[in-house]
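Subject: Structure handover

Hello,

Please find below the structure for your files. My notes on it follow directly after.

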Amino acid sequence: MRAIDLHAHLTPQCFQREVLAGKTWHGMTRAEGELFNPMNAWTPEQRLADMNSLGIDIQVVSTNVSFYKYDQDVATTATIARACNNEVHQMTVDYPERFAGLATLPMQDVKAAITELERAVVQLGLKGAMINDQVNGRTFDAPEFLPFWKAAEQMGALLLIHQARPTLVTQRTTRYHLPNTIGNLVDRAVTFASFVFGGVMDACPHLNICLAHGGGYTCFGIGRMDRGLAGALRSPRPYHQAPQRLSASVLLRLSDPQRGSLAPGH
């Protein structure tokens, strides 16, 4: 059985070259890009050495969350996404047996996001994309996102959901690193509820979703969420698929080693 690391972030070398020389990169500076984390800044060769030491056969690499840039104009974000995705693609070309890739997308514009996802999956051979839990405050049950879910489902793309700062906990407290340690997990549970209770999984039953950090608090709270909503509505549930069953589908859909769909060449 091959060991596949799905949660593997990087800081693109194309970004590093510019900002470490004192320049900006599409408006970004060296204060961005998570350069404080040396592992993100590794070259592919450094990454491979670490993988070998840990017994990791394959990494599914993704540009770190600093490059989401959903709050920027669409043209800038799309340019950043294309450059990041091209570099991830080159890693999969240079080391096809060791790296697979996830794209970053301009999610603030659904049409642009679909266009870049199609380029990444169909032309570059990436496995899907990593996206935030929300887009400028809009959760994923918003009707405007449905064409994106439909397109991703049709492509068979994996969508890894991974938060960026701030999380929902940030507005309550910034102490004790809680916006990360608790906030990440809270955000993921809200995202699960948005997909299931918002009817996205009914509309797109074959959509491939993976919630980072073990799905956060979803598994602990799913029964309460389901029962609580039914009681609050005092009417039949507006969704059709049981969330308890969907929790396994959403959280683990692509973790079955027998399917091998994240491995290079699949």
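Strands β3 (residues 99-103) and β4 (residues 128-131) run parallel and are joined by two bridges; helices (H or I, at least four residues) and strands (E, at least two) are DSSP runs, numbered from the N terminus. Ala 103 has Ala 129 of β4 opposite. This is a predicted model, in which local features need pLDDT of at least 70 and side-chain atom pairs count only at pLDDT 80 or more, while totals for chains, interfaces and linings use all residues. Residues are numbered from 1 along each chain as its sequence is written, and side-chain values use heavy atoms, with hydrogens and water left out.

The sheet is open, with six strands in the order β1-β2-β3-β4-β5-β6 and parallel pairing (two strands pair if DSSP finds at least two bridges between them). At its edges are β1 (4-10) and β6 (208-211), each pairing on one side only. On average, neighbouring strands are turned by 30 degrees against each other, direction ignored. Axes here are lines fitted to C-alpha atoms, for helices over the stretch in contact, and angles run from 0 to 180 degrees between N-to-C directions.

Two helices lie across this sheet. Helix α3 (residues 74-94) lies across β1, β2 (58-63) and β3, at about 165 degrees to β3. Helix α7 lies across β5 (158-161) and β6, at about 160 degrees to β6. In α7 (residues 183-197), 13 of the 15 residues are buried (under 20% relative accessible area, 1.4 Å probe, protein chains only). After α7 comes Gly 199, with a positive phi of about 85 degrees.

Helix α5 (residues 146-155) has Phe 148, Trp 149, Ala 151, Ala 152 and Glu 153 buried. Their cover includes α4 (110-123), β4, β5, α7 and α8 (200-203), where contact means heavy atoms within 4.5 Å. Gly 156 follows α5 and has a positive phi, near 75 degrees.

Trp 149 also belongs to the largest nonpolar core, of 56 residues, where Met 107, Trp 149 and Leu 207 touch the most other members. Such a core is a set of buried Ala, Val, Leu, Ile, Met, Phe, Trp, Tyr and Cys residues joined through side-chain atoms within 4.5 Å. A second, separate core has eight residues, among them Phe 15, Val 19, Trp 25 and Met 28.

On confidence: mean pLDDT (the predictor's confidence in each residue, from 0 to 100) is 88 for the protein, and 86% of its residues reach 70 or more. Over residues 252-261 pLDDT stays under 50. Where pLDDT is low, the predicted coordinates should not be read in detail.

Regards

Conventions: Buried means under 20% relative accessible area, exposed over 50%, partly exposed in between (1.4 Å probe, protein chains only).
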